Structure formats: structure tokens, C-alpha cells
Amino acid sequence: MAIDPKTKTLVQTLGVVVTMGALAWASVPFYNWFCRVTGFGGTTQVALADQGREILDRTIKVKFDASKERNMPWEFKPMQTEMEVRLGEEGLAFFEAYNPTDHPVAGQAAYNVAPYQAGGYFNKIECFCFTEQVLQPGERVQMPVSFFVDPEILEDGDAKFYKHITLSYTFYEIDLPEDVQAALDIDSGTSDLPGGAENENGAPASVN
């Protein structure tokens, strides 16, 4: 039985929503990768520092937002709330993260921009979000992001009217890298236990 065009479109749309929800649930890093490739959900682009791009007199305001997943123990905030840049001009912003716990914590940042349609024109050159971050107990760091807004935004029928773009990051906790975890195990002595482990007197340690 043939499906009418409206029903087919609805089914396809629901399929995309369900698929993206499943991807987000299964793997945040994979979801980020998908968004970077497709521009889905206001995800930004990645560019080189020097592309001989044009810099226009037209300016746009960039606002900065920071949040965390519920179980992420870090403190995380932008060092500036907004800045104004010319289209094509490289901007540099900083975000601060602090680990108030007594143990190392690893994190990865998910990101997007709003309005979503601006994602295709917002280019990052360098960003802390490209790699996982590890903060030691009590460590506080300032993390840079360099970016520019592509002048081609003026050729977009809707995006050319945007007066500001909001760049948002959300940090979530991830497993510690293997080398960091291994160092912790050695320091705590757990790498020698169990299985023939010895206590501090050289006698075999009991394992319950």
C-alpha cells in the first residue's frame, strides 16, 4: 500500500529524531562527530588558522555559555560573557575549569551554537573541546578557544540577519586515561593486589 507524501515525511522525520536520540544515548563522542560532519544541532566547524580569508567590517556579537552534566564535579565557567568580532576575524576566548575534589577527574566538552543555523558558519581553529581534559585535585585551568565567523554567513537568507551567536559548552565526566589510572593504582598499591600480594611487612596479604 502506497504511503501519501505527508505521512512519508512524518515517518522520515520521526526516524531521524529516534536515530539521533539513540546515538546521543549510546555515545556522546560519536554524536559530536556526527554533528560536526552534518552541522546537525548547531554544531560548529573546524578550520585552519590561516586560510587567507576575507575580513569584513561587518561585526557580530559572540556570547559564551558554560554548563555541566549533573554528576560532573568540576566548576566550569566562561572568562568573558561576550565579545564582538568582525566577520572573518579570529577571536580568542577563555573558559575556566576547577576540580574541587581530592582525586583526578577527566572530562570532555560537548558543544554547539545558537541559533542552530549559525553552526555552519562558526569555525573553531583551536579548542579545548577537541581533546579530553584531566584536572588534578585542586587544579584550576584556563582553556582557550580560537574561532572566526565565516563571512559567507551574509549569503544565507536567514543567518545574515543574526546579530549575535551563542557558543555553548557542556562538560561531562569520562573515564580517566589509562596512564593516569595506572599511576593512581601504583600510588595506592592496588596494582600489586590481589594474587600473591604482600603487605608492608613482606608477608602475603590476605584477600577476602
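Buried means under 20% relative accessible area, exposed means over 50%, and partly exposed lies in between (1.4 Å probe, protein chains only). This is a predicted model, where local features need pLDDT of at least 70 and side-chain atom pairs count only at pLDDT 80 or more, while totals for chains, interfaces and linings use all residues. Residues are numbered from 1 along each chain as its sequence is written, and side-chain values use heavy atoms, leaving out hydrogens and water.

Searching the whole structure gives 4 salt bridges (a side-chain nitrogen of Lys or Arg within 4 Å of a carboxyl oxygen of Asp or Glu).

**First stop.** Select Arg86 and Glu89, whose side chains form a salt bridge at 3.6 Å, N to O. Arg86 is partly exposed at 32% relative accessibility, and Glu89 is partly exposed at 24%.

**Next stop.** Select Glu96, which is buried, with 10% relative accessible area. Lys77 sits in strand β3 (residues 75-78) and Glu96 in strand β5 (residues 91-98), 19 residues apart. Strands here are DSSP runs (E, at least two residues), as helices are (H or I, at least four), numbered from the N terminus. Lys77 is partly exposed at 45%.

**Last stop.** Arg140 is partly exposed at 47%. Which residues do shared partners join into one network? Lys77, Glu96 and Arg140.
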